[in-house]
Amino acid sequence: MKFLHGCPDFKTVVSLKGTCFKRTMKTLTLILTLGPTILTMGCMTVPISGRKAFNLVPESLERSLGEQSYQSMLSKERMSSDARLNAIVLRVGQRIAAAADRPDYNWEFKVIDSDTKNAFCLPGGKIAVYRGILSIAKNEAGLATVMSHEVVHAIARHGGQRISANIGM
């Protein structure tokens, strides 16, 4: 049975003269040298909360992935044709976008014609609200609560943080 890097057993690993020990030490040195650098590069301060988070994904990539996901969702889901609901979501969304202080986001607001009780905001400001959640929200204030919660995920860059956590595993 191979123990580590092709070493046949533990004795070989701990042998100072063995090549397996040298390879193990090189690997360990590399991890100890580059590890802190990678962690430092990936450390970010989350907007609004000020907490520290690990994120290796550039915001430009997050936004590109958000746009791709949004376009994919638009092609698969049926959008609401209810002008009143669309106007409410647009009005509330524009107010939230103004308060979010992210003029660099290309904000979009859609209502998905489904009984699903959900909403989401993808990186870059792509917001979708399922018609089903409107009965829970009850009014514009409730809708603003739901939508602003989703917007915070995008502003705090939770998508990039999740990708980074998966890369690190």
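Ser164 lies in helix 7, which spans residues 158-168, where helices are DSSP runs of H or I with at least four residues and strands are runs of E with at least two, both numbered from the N terminus. The model is a predicted one, in which local features need pLDDT of at least 70 and side-chain atom pairs count only at pLDDT 80 or more, while totals for chains, interfaces and linings use all residues. Residues are numbered from 1 along each chain as its sequence is written, and side-chain values use heavy atoms, with hydrogens and water left out.

With a relative accessible area of 0%, Ser164 is buried; buried means under 20% relative accessible area, exposed over 50%, and partly exposed in between, for a 1.4 Å probe and protein chains only. Once neighbours within four places in sequence are left aside, Ser164 is in contact with Phe54, Asn55, Leu56 and Val57, contact meaning heavy atoms within 4.5 Å. Ser164 and Phe54 are 110 residues apart in sequence, yet their C-alpha atoms are 6.9 Å apart in space.

Side chains of opposite charge can pair when their charged atoms come close. A salt bridge is counted when a side-chain nitrogen of Lys or Arg is within 4 Å of a carboxyl oxygen of Asp or Glu, and by this rule the count comes to 11 salt bridges. The table lists some of them.

| Salt bridge | N to O distance |
|---|---|
| Asp104 and Arg63 | 3.2 Å |
| Lys126 and Glu67 | 3.2 Å |
| Glu140 and Arg91 | 2.4 Å |

Lys126 is buried, with a relative accessible area of 3%, whereas Glu67 is partly exposed at 27%.

Where Glu140 meets Arg91, the former lies in helix 6 (residues 140-155) and the latter in helix 4, so parts that are 49 residues apart in sequence are tied together. Glu140 has a relative accessible area of 27% and is partly exposed, and Arg91 is partly exposed at 34%. Salt bridges that share partners also join Glu59, Arg63, Arg102 and Asp104 into one network.
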